[in-house]
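Subject: Handing over a structure

Dear colleague,

I am passing on to you the structure below, and I would be grateful if you could look through it alongside the notes that come after it.

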Amino acid sequence: MFTPHTTQDKKEMLAKIGVQNVQELLAQIPQEFLYPALDLPQALSEAELTAHVHDLAAKNKPLKNFIGAGAYEHFVPAAVSALSSRGEFLTAYTPYQAEASQGTLQTIYEFQSSICALFNMDATTASHYDGATALAEAVLACTRITGRKEVIISALLHPHYKEVLTTYTRHAGITLTEAKPTAQGTLDVSALKAQISADTACVVLATPNFLGYLEQADEISKAVHEKGGLLVSLVNALALGILQTPAEYDADFAVAEGQVLGNKLNFGGPFLGILTAKKQYLRQLPGRMVGIAKDKDGNRSFVLTLQAREQHIRREKAASNICSNEAICALNAVIYLTLLGPQGLKEVCALNVERAHQLADLIDGVKGFEVLREAPFFNEFVVKCPVKASAVIEKLAQQGIAAGYDLGQTCKQMENCLLVCATEVRTPNDLTAYAEALKGVL
Amino acid sequence: MYNQEKCRFAQTHEWAFAQGDVAVVGISDHAQEEISDIVFVDLPKVGRQVKVGENCCVIESVKSASEIYAPVSGEIVEVNEALNGDPALVNREAHGNGWLFKIKMTNPAEMDELLDFNAYQGTLGK
Amino acid sequence: MNEFLKHNELSIEKSRAGRRGVRFAQAEKQVNDYLPENCLRKDTPRLPEMSEFDVVRHFTRLSQQNYSLDAQFYPLGSCTMKYNPKAYDTLSALEPFAGAHPFAPESAVQGTLQALYELQELLKKVTGLAAFTLQPAAGAHGELTGILTARRYHDAHGNTARCEVIVPDTAHGTNPATANMAGYHVINIKSAPNGCVDKQALAAALSPKTAVVMLTIPNTLGLFETDIKEIADMVHKAGALLYMDGANFNALIGLATPADFGVDIMHLNIHKTFAAPHGGGGPGAGPVGAAAHVAPFLPHPIVQKQGSTYTLADNRPESVGKMKAFYGNIAVCLRGYCYLRQFDAQTLKEIAECAVLNANYVRAALKGKFNAYFDRACMHECVLSIDPHACNGVHTADVAKRLLDYGFYAPTIYFPLIVPEAIMIEPTETENKEMLDAFIAVMERIFDEINTTPELVKEAPHTQPVKRIDEVSAARMPNLHW
């Protein structure tokens, strides 16, 4: 249906090739394989498809979202998708032919620059698939750099990130051990210090951690560096608008889920893996990079550079097989950051902090519910409920509210605990409605 | 500095120049021309033990990454730090200031297994 | 460029202190009323300060410096640059889909789950495989998923001695890179003189150490492995699994189902065969399918159907794990779903048939000037080769740059590695005959230039926003951020 050829076109083309029909060209495929019977549903026209997909969309119920847990609903200004959905960006190919791709290349350079500015780190890439895979790449890089095979990961890392790390490292002879938390929900720093050894390639820290709490990174950083290991920090990219940056506690690698910058939830993808590092690890970073260059007339231009690290050149010697990344998501992020600027970022971060803390206060005011304020938090916190978290979620869903993430899924002892998030998109009315709905649980 | 006529060569285009029990190692003029504009040299760490034929260094151009193999066994005792700021030195002075690293040989007799200049030139069919 | 209107400046260069773009409501309290000082950032990030309009103008102007499929023909071999239907962009972005949280109660996301489930089923049908995961975010990610799944399969069967992966020398770089990432030792085998797998070389390489053989079908020369049945048998007899890189599936869709030739695991590229846009480098999606004996080891979750309800509760304890935090590049998968819903068995094969017709038409028309490296019928792509000695020193790279001057994006160049000065052309089925004829005419013109004014070709491009770029200095002294 998207094939434009008329019968006349086909006739002329076949004549040029010198065959009677297309089947002659398919002779290289053994007959036994050709034209299998495919049991496919009826083909839909665009109008029928549109109606069908709208029907599917109607089966998704819009709930007021209070779930974070690795994917955050933030306001995306209209200009972001208006710009990134332009065909010149959306339907372009990877910018290998640099002279014809200066648009894409400059946006990637500006993305890299914005990320380095936001993270206060010296090196970054054009993007990775998501925060979890960026973290896996950082861990693998640490094992290559140090030549060591032991990795200590915070027990308070996102459970799905832990699984991805396991999947990526299982066969590589890398041992993943967990750094235990205290009962308060942050890392047991003295226990961690005792765990770090001369075999430790890196410590992986999440701050905010999965429970929403900010960790004390300085001591951990010193401890791992003393033993010759490296520090990998998983952070909230948006929160860096106001929070301490990874450079301030001497992180060697800092990774994040960039979905929070100008990208919608999309049920989990496409997301945006951000991978940053100190200057000296630049060449250990896998993935595309754009650099400034001069053309032969001396004009400033942009080009994919340091390609000799990549799979199309190194093949089996490449550090990573990454080819396509998440370019449009990175474009969304750089447009978002450019629209907000440092002041806009401060504003949106302040709202996140405020909404979350206002909601926490309202929840504390509901009998039976208690916010566990063990450590500072950005926009996400733990609520101890008088009943199972799953029951709270079910009850509130009936009222059009997605109450939060059931921590019982990750930890049996926490089955009465709910991980709740409030971002700048939640209005004061949303917050009061949430508290009111909670009152109806008991 | 490391006159190519006085060097010994590996089939893989590395040259070795003996200074006592230390071998200075670089790549041949032919190799640097084949690789063309060198943009980065990934030098080995000082102190590393290498076996003859072991890959211990990578030379990158814009479009390629060439593995460099130790022509003799021993310990890397020095690397050419100048290449960090000016990798093109290898192109300009493959047998001079563009040397790569120095190996303290564990078995100097390995030098005899390498080709002399004429034999090496002979392997470069035109 | 215009010296007054500094369009090409970076955003940070256009920035002026105090300018504001998008604003938010002011919070009632200060951040340090809620958070201790030592948690807070001490500096301000060096980001541009621009008005919203300036930002819009900036990125709009940048977009105008790009070639793009919507505007230009992209005959990039192995990339399948086919028309990206606009309906799918709109439909995949509908708010109920775009706003769905991955941890939302399942009762609230039945629409998304149904679409994903149906896509899984459709992919099973067009490949003949038993199960599909939609988790991988790109083709290379799909390859890694597939090889790690194979590894899990072998571990479960006690085949821990299997430590090698065989790839032909025509393989895309991601194949050996993937095998290496998965902890395997890569064995490269030389292709036969006809460009296909050399069965003797394969037989010599196969051993009790072989875990997987990775093949692209049709291969990167655009040629189908006619002996695939025999090859698959050899692989299976050796106790190994056959992995198919499905990047070239556009040549087979509707015509053949890989499960029939003995493929155990394969990946597909939604942003190639299934018409999702390339985005200048992503996001893509690389679903992975497996035969029944390998399916239990695929990553989890795979969407299940229970009665009339769709769920992510996928109980497969032998699964290799997760390849990314969430379930896939959903918005990309939705486009793939839309695409497959617009075809039936009759129309699906027209895609492949037209793709094959178009590639052979270009090959036949250029014969005598730019010859295909293998002078026989190709599938959806053909690989040409030029001899610089016979072309006044003009290289493939020069021809590619000269094509830009004529308003065409260049084909894939210098790949596969076994073809000297390779030019790989994949028109796809969505290009009309006038475009193909124009491309052919331009190639013929460049051929003339090679013979009469070769410098014009060697110095190309001449008409782009920038001239040929000095990549050497860029790599020697990398400047990667402002």
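What follows is an account of what was found, chain by chain and then between chains.

Please keep in mind that this is a predicted model, in which local features need pLDDT of at least 70 and side-chain atom pairs count only at pLDDT 80 or more, while totals for chains, interfaces and linings use all residues. Residues are numbered from 1 along each chain as its sequence is written, and chains are lettered from A and ligands numbered from 1 in the order in which they are written.

Chain A has 14 helices and 15 strands, where helices (H or I, at least four residues) and strands (E, at least two) are DSSP runs numbered from the N terminus. Its C-alpha atoms fill a box of roughly 80 × 55 × 50 Å along the principal axes. Of the 442 residues of chain A, 62% count as buried, a term that requires 20 or more other C-beta atoms within 10 Å of the residue's own, with exposed meaning 12 or fewer, partly exposed what lies in between, and the C-beta atoms placed from the backbone. Among the contacts in chain A between residues at least 6 apart in sequence, 72% join residues at least 24 apart; two residues are in contact if their C-beta atoms, placed from the backbone, lie within 7 Å.

One helix of chain A deserves a separate look. In α13(A), residues 389–397, the buried residues include A389(A), V392(A), I393(A) and L396(A). They lie on the same side of α13(A), because they cover an arc of only 100 degrees around the axis, the arc being that of the directions from the helix axis to the C-beta atoms. The buried residues of α13(A) pack against β13 (401–402), β14 (405–406), β15 (417–421) and α14 (428–439) of chain A.

The bridge partner of V50(B) in β8(B) is G74(B). The strand β8(B) is also joined by 5 bridges to β9 (residues 101–105) of chain B, and these two run antiparallel, with G74(B) standing opposite M105(B) in β9(B).

Between chains, the contact of chain C with chain A takes 168 residues from chain C and 157 residues from chain A. On the chain C side, the largest share, 14 residues, comes from helix α11 (residues 345–366) of chain C. As for chains B and C, 5 residues of chain B are in contact with 4 residues of chain C.

With kind regards

Methods:
Pairing = 2+ DSSP bridges.
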